[in-house]
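Here is a briefing on the structure shown below.

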Amino acid sequence: FNFGGKVIVWGGHPGCDIVTGAILDPVANSWTPIATTPASITAGCNNVYWTGSKLVVWGSFAEGDNTPFSGGAVYDPATNIWAEIPAVGGPGPRDLPILLADDAHLIVWGGDARTDPHADAPKITSLHDGGIYDFASETWAPLADSSQRLPTFEPSGSLIGGGVAFVWGGVDFDSHPFGTLPPARGGGIDIASGKWTEVPVT
């Protein structure tokens with residue numbers, strides 16, 4: 001991630017268990033370690049989002065035993081400080097939800113759950129819910145599904161300004177077997193109210 005001409009490197013393999021990082025200053029040709037990750041971030045395949053000024057980490061997936069986790073933190077590279085994001089009141093554990101964030105809010109929506117995560121072939125269930133986290137008040141608000149029941153596994157999305165987020169595409173394991181794609185569709189989220197607006201597909 002690019003931060004004022006510096007490069008932020010955090011997390012990764014092997015085994016998705018790396019939760020450390022550093023910031024490279026290419027002018028000084030030197031690295032600065034990122035502060036120790038708080039306990040609210042679990043070692044695993046973490047979901048990460050860069051707001052343009054802060055690094056948001058929420059939820060993870062333990063590679064090897066298929067166990068998802070919730071909880072996370074936001075990192076401010078200007079101060080080298082992490083602020084925990086509580087799991088209490090937020091979305092339940094899930095694998096590969098969509099994360100969207102700015103300096104005011106974090107949106108977590110969709111993803112999948114596994115009814116028997118330790119099985120060789122766990123049952124995958126799409127999750128049609130999520131939450132909106134307010135960084136200032138440190139509280140979660142629930143985010144329900146849209147009326148058109150959008151696909152929830154690895155959709156694309158962005159914050160488009162004016163307090164609106166946009167979600168498009170993805171896969172729904174409940175109605176489409178693995179390896180098949182549902183019809184493309186999406187929706188807009190009003191961050192203040194948590195309400196969806198349907199987006200036409202043609």
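Four antiparallel strands make an open sheet, ordered S1-S2-S3-S4. Strand S1 (2-3) and S4 are its edges, each pairing on one side only. The model is predicted. Its chain has 18 strands and zero helices.

**Pairing of S1 and S2**

- S1 and S2 run antiparallel and are joined by two bridges.
- Asn 2 has Val 7 in S2 as its bridge partner.
- Strands of a sheet pair through backbone hydrogen bonds, in either a parallel or an antiparallel sense.

**Nonpolar core**

- The largest nonpolar core contains 12 residues.
- Its members are Ile 8, Trp 10, Val 19, Ile 23, Ile 34, Ile 41, Trp 50, Leu 55, Val 57, Ala 73, Tyr 75 and Trp 82.
- At least two residues of this core come from each of strand S2 (6-12), strand S3 (18-25), strand S6 (55-62) and strand S7 (67-76).
- In soluble globular proteins, nonpolar side chains tend to be buried together.
- Ile 34 belongs to this core. Neighbours within four places in sequence aside, Ile 34 is in contact with Ile 8, Val 9, Trp 10, Gly 21, Ala 22, Ile 23, Tyr 75, Asn 80 and Trp 82.

**Thr 37, a loop residue**

- Thr 37 sits in the loop between strand S4 (30-33) and strand S5 (47-50).
- Is Thr 37 buried or exposed? Thr 37 counts as buried, because its relative accessibility is 15% and the cut-off for buried is under 20%.
- The Thr 37 side chain reaches the backbone oxygen of Val 19 at 2.4 Å.
- With neighbours within four places in sequence left aside, Thr 37 is in contact with Trp 10, Val 19 and Trp 82.

- Strand S16 (residues 164-168) pairs with S17 over five bridges, in the antiparallel sense.
- Strand S17 (residues 186-190) also pairs with strand S18 (residues 195-199), antiparallel and over five bridges.
- Ile 189 in S17 stands opposite Ala 165. In S18, the bridge partner of Ile 189 is Trp 196.
- Gly 187 is bridged to Glu 198 in S18.
- S17 and S18 form a hairpin, with four residues between them. In the turn, Gly 194 has a positive phi of about 75 degrees.
- Why is S17 largely enclosed by the rest of the structure? Four of its five residues are buried, so S17 is largely enclosed.

**Whole chain**

- The chain has 202 residues, and buried residues make up 43% of them.
- Of the contacts with a separation of 6 or more, 50% are between residues 24 or more positions apart.
- The accessible surface comes to about 9900 Å². Carbon and sulfur atoms account for 58% of that surface.

**Confidence**

- Mean pLDDT for the chain is 80. A value of 70 or more is reached by 74% of the residues.
- Confidence is highest in S4, at a mean of 96.
- Confidence is lowest in strand S15 (residues 156-161), at a mean of 68.
- Where pLDDT is low, the predicted coordinates should not be read in detail.

Key:
Residues are numbered from 1 along each chain as its sequence is written. Side-chain values use heavy atoms; hydrogens and water are left out. A nonpolar core is a set of buried Ala, Val, Leu, Ile, Met, Phe, Trp, Tyr and Cys residues joined through side-chain atoms within 4.5 Å. Buried means under 20% relative accessible area, exposed over 50%, partly exposed in between (1.4 Å probe, protein chains only). Contact means heavy atoms within 4.5 Å. A polar contact is a pair of N or O atoms within 3.5 Å; within protein, one must be able to donate a hydrogen and the other to accept it, and residues adjacent in sequence count only if both atoms are side-chain atoms. Accessible areas come from the Shrake-Rupley method with a 1.4 Å probe; for residues, only the protein chains shown count as cover. pLDDT is the predictor's confidence in each residue, from 0 to 100. Two strands pair if DSSP finds at least two bridges between them.
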